[in-house]
Amino acid sequence: MTPLQRRAILLAPLGVAAVGGAGFWVLLDRLREGTYDPHGVPSVLIGKPLPSFSLPGQPPGQGFSSADIVASGKPAVVNFFASWCVPCVEEAPTLDALQQQGVPLWGIAYKDKADATARFLDQYGNPYLRVARDEPGRVAIDFGVYGVPETYLVDRAGIVRWRWAGGLSDSVVKQSLAPMLKDLA
Amino acid sequence: MIPELGHFALALAVVIATAQMILPLWGAYRRDARLMASAPALAIGQMIALVTAYGCLIWSAVTDDFSVLNIAENSNSLKPLLYKITGTWGNHEGSILLWCLILAICGASVGVFGRRLPSSLRARVIGVLGFSSCGFLLFALTESNPFARLWPPPVDGRDMNPLLQDPGLAIHPPVLYAGYVGFAIPFAFAVAALLEGRVDAAWGRWVRPWTLAAWCLLTSGIALGSWWAYYELGWGGYWFWDPVENASLLPWLAGTALLHSAIVVEKREALKTWTILLAIGTFSLSLSGTFLVRSGILNSVHSFASDPARGVFILGLLALVIGGSLLLFAFRASKLSAPGLFAPISREGALVLNNILLCSICAVVLTGTTYPLFAELLGSKLSVGPPYFQSTVFPLTVPLFAAMSLGPVLSWKRADLFPALLRLWWAALAAAVVGISAAVGLRHALPAFGFAAAVWLIFGALAELVERIRLFRVPLSNSLGRLAAQPLSVWGSAVAHAGMGVTVAGIAGMSLAVSTIVAVKVGQTVELGGYEWTLLGLHDEAGENYTARVSDIRVTCGGREIGIFHPSRRMFAVQKQTVTDTAIQTNLLRDLYAVLGEERGDTAVLRLHVNPLAPWIWLGALVMAAGGALSLADRRMRIGAPARRRRAATVPA
């Protein structure tokens, strides 16, 4: 090893630290400006039309397609859920409350067996207008679902306006979803 | 009045720390014995000032002085006394003050216990510690003053986050911080060695006990944190690869590597440059982890009150401490003498392998933790989850565990692999038997591998002792005599390695856990994992500063009653927050774990888990820390007198 190479190797840790530090500096700056939110992983779908799909229904109900949602002519909430997911159980009361306020909820059971979904809806209530089944999970991929539960707000024209990854809670509804619904109504 | 006294003591500590930074370093540079001799007194003085400041903060909390902003925001007159005291470090300002206090204690202990150090080295170590103290104290004084007053004072405080009102979390931060900050001492030794331009065996011997002490505390702190997450958060998991958790794992990995490479410096005078870099790296990871978590940059489930303005101060401070030490490293490390030579197959070789693997794991975890940030910089949003960490860390642990048992039976300088493997044949056999029978019985490859690795680690640790006492090769009484004569550090390393085995067994067992979420009516029975869980009833109870909804669940196993569980939900009125209180019953071989969820009419949602071997995870970590403590109790470690060392060197290694 020549002395120059040795010097270069000894300088490497400083270089790594400097790059890391500079990166953190930029992020802190964006955090202060408000252009960076570590908690938000926004959907690329926002402002774009609903991906087109057509899914079979949860028996005995009938399924739905993206066209059905647009044809309903009202702002709609599309909720991905699964019987095997804990936050889905936790958000059930919130969804119930939304349904009672007359918000049309369209449920998509993600990677779930039909009888498991049926049991889930039996136990925790069925707040949905219709429940479709996405057992292979392909429609979820088109939506860019990050994990269940995940909720999308679609306007009258079928444009995705808002997305929430994770369980809905009353405070999320109050702070984000309800104002959005009011704007679109 | 008392808060002002605390504020004054804090300001005084800044002044003393400044003196502690300048006088000894200048004295060591000018070879002025009087200036160098001032170091211990200054370090002790700084500690006294900070003990006073912290005492004042506790006093304000205990006497419910809500005119202090920090107390008003985080305490409440109804809060139990224990949490009034521990609440002082449960928030940003108080925890920074505690951090400074521990750093000052580190400096003072070098002053008190480091009397045998060469005076210039001691002066430099204390000076470097004074430099870091000075930075963090200035931060505490200017950006996060815990004694700031509030006028008019509120009638009562806003109370602490209920999740933190828990005995486990009460002692977790001081232990964890002591671990983090403890690595400041090896760091100071590294910087001092760079300033001196000399690293020798004696340096390695002085650094090791400090590293070991910090490592023991960090190990216990991480275990406590993981245990708290397990029983308090009620998610049934023990490690979530969350940025805050990774922030504690990173220095642990680097610190473990440092612990082992310092042995090579002490025994063989090799790996000097590397050890210096590791000492700097470990403390840098401690600092960046804990402070960047608070800047609000990272997305974490554990929320701290974040303030980007504070982040800028911290980043500047980190740049000064880390950047400065690495700059020094770049220019001075080449002056360190050439390393001693050794063959790849040798104790040193095994320790180098250990370092490579630990640092690889560290790099992998660091990449996963910071990748979302750097992806953000490059314009894309993503998050890195447990699947990444599991699939990248797991393959690296395989050779690490293999080397952990093999390394200690190799001899220094050069060794033969075959005889070493021969000494471990029974450990390998036991591991294979356990692994194969687990694979057949469980039909899962990963847990079976985990159990095999656990047996390999525990028996491998035993094999080292067996080898040292020449069991069955010399008469038994002779062997027992040898056993009694083994230095404590040998016991320590064997115990620590076995502790890792216990933890690995716990993790393997935990991967077989079963759980269910059910909605049940009162009187209904659910079956899970061979146990029958019956919901007997639900009722309300009042606590000191909360009301609880308590359920009674009878658990039986084949008709035999295991116990009545009382998982509950606690509603904290002041904070308007609900916390689940998990019911856990353990018999050390498995945990039964019940959480009460929402209620709907006459049905309640219950989450039930059966977690095999779960307690072993934390038990193993405590065994590891105990091994470290045992090693620390070794006389050679504490005194490191050269004459004694020569005698010890004749003990077959």
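Leaving aside neighbours within four places in sequence, Phe189(B) is in contact with Val125(B), Trp203(B), Trp206(B), Val207(B) and Ala279(B), where contact means that the C-beta atoms, placed from the backbone, lie within 7 Å. The model is predicted: local features need pLDDT of at least 70 and side-chain atom pairs count only at pLDDT 80 or more, while totals for chains, interfaces and linings use all residues. Residues are numbered from 1 along each chain as its sequence is written, and chains are lettered from A and ligands numbered from 1 in the order in which they are written.

Phe189(B) also belongs to the largest nonpolar core, which has 196 residues; together with Cys100(B) and Leu457(B), Phe189(B) touches the most other members. Such a core is a set of buried Ala, Val, Leu, Ile, Met, Phe, Trp, Tyr and Cys residues joined through C-beta atoms within 7 Å; buried means that 20 or more other C-beta atoms lie within 10 Å of a residue's own. Helix H9 (residues 201-232) of chain B gives the largest share of this core, 18 residues. Apart from this core lies another, of 59 residues, which includes Leu95(A), Ala519(B), Leu592(B) and Val610(B).

The contact between the chains takes 27 residues from chain A and 32 residues from chain B. On chain B, helix H11 (272-295), helix H12 (308-332), helix H13 (347-377), strand E1 (514-521) and strand E9 (590-600) each supply at least two residues of the side that touches chain A. Helices (H or I, at least four residues) and strands (E, at least two) are DSSP runs, numbered from the N terminus. H12(B) provides the largest share of that side, 12 residues.

Turning to chain A, the domain assignment, automatic or from a database, gives domain 1 (1-38) and domain 2 (54-184). The C-alpha centres of these two domains of chain A lie 43 Å apart.

Chain A also holds an open sheet of 5 strands in the order E5-E4-E3-E6-E7, with mixed pairing; two strands pair if DSSP finds at least two bridges between them. Strand E5 (130-134) and strand E7 (160-165) of chain A are the edge strands, each pairing on one side only. Strand E6 (residues 150-154) of chain A runs antiparallel to E7(A), joined by 5 bridges, and Leu153(A) stands opposite Trp162(A) in E7(A). Helix H6 (residues 170-184) of chain A lies across E6 and E7 of chain A and runs at about 165° to E7(A). Axes here are lines fitted to C-alpha atoms, for helices over the stretch in contact, with angles from 0 to 180 degrees between N-to-C directions.

Note on methods. Two residues are in contact if their C-beta atoms, placed from the backbone, lie within 7 Å. A residue is buried if 20 or more other C-beta atoms lie within 10 Å of its own, exposed if 12 or fewer, and partly exposed in between; C-beta atoms are placed from the backbone.
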